[in-house]
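My entries follow in the order I made them.

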Amino acid sequence: MNIFHLLEALIFFSFMIYIHELGHFLAARFMGVEVEEFALGMGPLMVSHKWGKTLYAIRWVPVGGFCKMKGGDLSGSSAEDMYAKPAVKGDYLFVSWWKRIVILLAGPGMNFLSALLLVAGLFIFTGEPMEVVQPLLGFVPPTSLAAKAGLKKDDLLLTVNGKTIDNLNTAYEDLLPDYGKTSTVTYQRNNKVGTATIERSAKPASPWSLSDSGFFRFLSTLGLGPAATDNVELGIADKKDAIVGQAVLGQPARNAGLQEGDEITQINGKKVNDWSEMAYTVHNSKEDKLQIEFIRNKAVHTITVQPVFNGYFKAIGVMPVDDGKPEIKRVSVFTAFGDAGNYTLGMSKTLLDGIVKLFTGQVSLKDNVAGPVTIMRLMYQQASQGLQDLIHSVAVISLVLFIMNLLPIPVVDGGQIVLCLIEGIKRSPVSVKAQMVYQQIGFVLVVGLMALTVFNDFKNIFLEVHNHIR
């Protein structure tokens, strides 16, 4: 273990939590709420100094921090008569409900802002990496648009709609036509040039647009309601060996013993010839468990892996070797911030979609949550690969904190925002008794979730060690 990488991971882990509390602190002071203590770290005091009415402290446990606002605690013996007291200037509970919402939003807001700045900083100082991938096709799924157009494995794509294809990554949008339209592709096969037409059917109707209710049909014209289901797959992927570039921490493949550098050769007795065929086989497997054969150090091994549904398809948690030729595109500051904004908004939407699927039961909570141990291990892994990878992972985790803290769960910021909104609507505070019950329910939920994540963390470590293959 590299102690330097461990310190990097610890510092950035603390940064994500500390920046959240800094948001609360700055908003509280701006809104006239006094802060009794603003601490970096947790546990016993290391050093402290009082400026004005705030104690600024560094504590011994270097994980996160906290912002203790004056008059914001409902847990004391005088809780029942808290609101019977006259308003005290500087107390959190006695500033107006909308000011409290601003203070509460500032924490998650700082997580989002920090993610945006980190990504923008990477783009500004290192440029935007663009992987150049040769347009030589790998496995083409039999039901895909590409297969229906007659394209096959080992076809070398030349042009799409008259435009030369020199990078498969940047040609994807042109290759996938809009609904009801086509794309014309020229390709080389066995030293002969051919032409294929990729056709896409009209956009499927959404459930509300087909409803018997005129009201729902009207809402669908406004773009509201459930989206239409479109399971069409383009089926275009580059030819890449089925060699594991990364076995993700806490995921089934790694827990079963698969490691970086392993070459997957068979799944349930069926040979896989490249990465796209391996991925297609996993995504569309009918079995609950997969017998995966792979080669490591010229020796053949077989493991059993139970895939999990990630909300879109079955997966085992592996990524291919990054063997493309990276090109670094230098961009202006304005472009970097624009691209970083698009990235953070898009990633936030993806994360929110995943969290919604977790809480609605579409994705297994048991198999798809991880706790602080796994997060720290993941950050250590990224730090080992380089500072850029670490900063990118910090940005993503900061966005997770941004989303999670806005959920209407009692003990996080989103739950407190709900109470403030209710207060604003009814024009009087929610009773202390109701708030205490609300907090207790949230506490039980969060403790249960934390117990599950910690259990998963140590279960994953145990499975990795137990299934370690030499």
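**Entry 1: Ser 114 and its helix**

I began with Ser 114, which sits in helix α2 (residues 97–126); helices here are DSSP runs of H or I of at least four residues, strands are runs of E of at least two, and both are numbered from the N terminus. The model is predicted, so local features need pLDDT of at least 70 and side-chain atom pairs count only at pLDDT 80 or more, while totals for chains, interfaces and linings use all residues. Residues are numbered from 1 along each chain as its sequence is written, and side-chain values use heavy atoms, with hydrogens and water left out.

Is Ser 114 buried or exposed? I found a relative accessible area of 6%, so Ser 114 is buried (buried means under 20%, exposed over 50%, partly exposed in between, with a 1.4 Å probe and protein chains only). Leaving out residues up to four places away in sequence, Ser 114 touches Phe 15, Ile 19 and Ser 398 (contact means heavy atoms within 4.5 Å).

**Entry 2: α2 against α10**

I then looked up helix α10 (residues 387–404), whose axis comes within 8 Å of that of α2 and crosses it at roughly 155°. Axes are lines fitted to C-alpha atoms, for helices over the stretch in contact, and angles run from 0 to 180 degrees between N-to-C directions. The two helices α2 and α10 are therefore roughly antiparallel (under 35 degrees counts as roughly parallel, over 145 as roughly antiparallel, 65 to 115 as roughly perpendicular and the rest as oblique). I noted the crossing of α2 and α10 as left-handed (the near helix is turned anticlockwise from the far one by less than a right angle; clockwise is right-handed).

Ser 114 is part of this contact on the α2 side, and Ser 398 is among the α10 residues. By class, the contact of α2 with α10 has 12 nonpolar, 6 polar and no charged residues. Ala, Val, Leu, Ile, Met, Phe, Trp, Tyr, Cys and Pro count as nonpolar, Asp, Glu, Lys and Arg as charged, and the others, Gly among them, as polar.

**Entry 3: α2 against α8**

How do α2 and helix α8 (residues 333–359) pack? I read an angle of about 135°, with the axes 8 Å apart. That makes α2 oblique to α8. The crossing of α2 with α8 is right-handed. Contributors from α2 include Phe 112, Leu 116 and Phe 123, and those from α8 include Phe 337, Asp 339 and Tyr 343. I logged 14 nonpolar, 3 polar and 1 charged residues for the contact of α2 with α8.

**Entry 4: Ala 28**

Ala 28 is in helix α1 (residues 3–30). With 0% relative accessibility, Ala 28 counts as buried. Apart from neighbours within four places in sequence, Ala 28 is in contact with Val 33, Val 35, Met 69 and Ile 103. Ala 28 and Lys 99 are 71 residues apart in sequence, and 8.5 Å separate their C-alpha atoms.

**Entry 5: a sheet**

I looked up an open sheet of 4 strands, ordered β5-β4-β6-β7 and paired antiparallel (two strands pair if DSSP finds at least two bridges between them). Its edge strands are β5 (163–164) and β7 (192–199), each pairing on one side only. Strand β4 (residues 156–160) is joined to β5 by 2 bridges. Thr 159 has Thr 164 of β5 as its bridge partner. Helix α4 (residues 168–175) packs on the sheet and touches β4, β5, β6 (182–189) and β7, with its direction at about 55° to that of β4.

**Entry 6: totals**

I counted 12 helices and 16 strands in the protein. Of its 470 residues, 42% count as buried.
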